[in-house]
Amino acid sequence: MASASIQVSDLVKTYPRGVRALDGLTFTVREGTVFGLLGPNGAGKSTAVRILSTLSRQDTGTAVVAGYDVSRQPDAVRREIGLVGQKLSAVPTATVRENVLLQGRMYGLKGRELATRADEAIARIGLSDAAGKPIGFCSGGMKRRVDIAMGIVHRPKVLFLDEPTTGLDPDIRMQLWDDLAKLVRADGLTILLTTHYLEEADTLADEVAIMDSGRVVTSGSPATLKQELRGDTLLVELDTDEAAGQATALLADVGQVGEFKVDGRTLHARAEVGGAAVPAVLERLSGAGLRVTSVTVSQPTLDDVYLQHTGHRLVAQRREETELERSQS
Ligand SMILES: Nc1ncnc2c1ncn2[C@@H]1O[C@H](COP(=O)(O)OP(=O)(O)O)[C@@H](O)[C@H]1O
Ligand SMILES: [Mg+2]
């Protein structure tokens, strides 16, 4: 098993006016893996990233990054990390390559090594063809890539990406996922990314922690989360085997349910939100004169898990935010 690259224990951070942004945040990231910190706006994701990248200090608790304590050895931590913040940071009047060179110089790189590292970073995030382009002429997706190239030019051990794809069009977002995935596999880089997109965490992360109100509410591998994401199982029990067989055809166009399987008197189906599908299912079946003896909804979605822990929905909020982002762009 790979050793821990980031170890966060019981971090607490309170901002002036009493906002408790982190409230006992605890998680571990294994070396050479992608870790997704997933949560809604205000969950404390950026605060966590700022503390781990030594830009901010926790009130209590400890964090070790690449073997160094963030409060006691901040300079050592800084040498080992790259940070891509939520806001774009490249100079608009300079070219892609000039921006990456500038960043490399800030890390003390010089001469031939600087040029080699800059070109390597640009190539690794798929920007070689655009190296001479001024940032002002780059698309949103390209600007994000420039930020990432700037974040890896000094070959950090750990890269922090705070909401790397927020505000990007879905297709650009997916392209960036591909490039990020390659980046990790290339040379054992550890990535901590924050996101409020379930799919993003699911696609990129080896391990995910869902955050709310400054703490981890649940965590696990994407495989586990995927299972939880597949929606609910709906078990509809009818009074005869024959009725169960008829039910499949009747429910085919209800829309909210699918993947039917009949087992005796029981019809198994999948629904995105089981509870919401039940009324339509019942209406259709009883309307056709079938007798339903019971309906069971099982296996909560990740969002249901989230709801259970926090009292609100991540998916609903995320949809609203996506719409907001679209209307703003
Ligand atoms: N500089 C700050 N001063 C006061 N409150 C802040 C500051 N930065 C963040 N907060 C508050 O801390 C909470 C967590 O914020 P943040 O870490 O930005 O969450 P996220 O990145 O998950 O959206 C929010 O309630 C936010 O309003
Ligand atoms: Mg944030």
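Predicted model: local features only at pLDDT ≥ 70, side-chain atom pairs only at ≥ 80, totals over all residues.
The magnesium ion, ligand 2, has two coordinating side-chain atoms from the protein: OG of Ser46 and OE1 of Gln86, at 2.1 to 2.4 Å. These two residues are 40 residues apart and bring distant parts of the chain together. Ser46 belongs to helix H1, which spans residues 45–52. Gln86 sits in the loop that runs from strand E6 (81–84) to helix H3 (96–106). Gln86, at 43%, is partly exposed.

From H1 the chain leads on to strand E4 (60–65), and Gln58 lies in the loop between the two. Is Gln58 buried or exposed? With a relative accessibility of 11%, Gln58 is buried. Two polar contacts of its side chain can be named. A polar atom of the Gln58 side chain is 3.0 Å from the backbone oxygen of Gly61. The Gln58 side chain also makes a polar contact of 3.1 Å with the side chain of Ser71. Leaving aside residues up to four places away in sequence, Gln58 touches Leu11, Val12, Lys13, Ile51, Ala63, Val70 and Ser71.

Strand E4 is also part of an open sheet. Four strands make up this sheet, in the order E2-E1-E4-E5, and their pairing is antiparallel. Strand E2 (19–30) and strand E5 (68–69) are the edge strands; each has a single partner strand, so one side of each has no neighbour in the sheet. The antiparallel strands E4 and E5 are joined by two bridges. Across this pair, Val65 stands opposite Tyr68 of E5.

Which residues make the contact between H9 and H10? On the H9 side they are Ala247, Leu250 and Leu251, and on the H10 side Val281, Arg284 and Leu285. The crossing of H9 past H10 is right-handed.

Notes
Residues numbered from 1 in each chain as written. Chains lettered and ligands numbered in written order. Heavy atoms only, no water. Donors = N, O, S within 2.8 Å, 3.2 Å for Na, K, Ca; no water. Buried < 20%, exposed > 50% of the residue type's maximum accessible area, 1.4 Å probe, protein only. Polar contact = N/O pair within 3.5 Å; in protein donor to acceptor, adjacent residues only side chain to side chain. Contact = heavy atoms within 4.5 Å. Pairing = 2+ DSSP bridges. Left-handed = near helix turned anticlockwise from the far one by under 90°.
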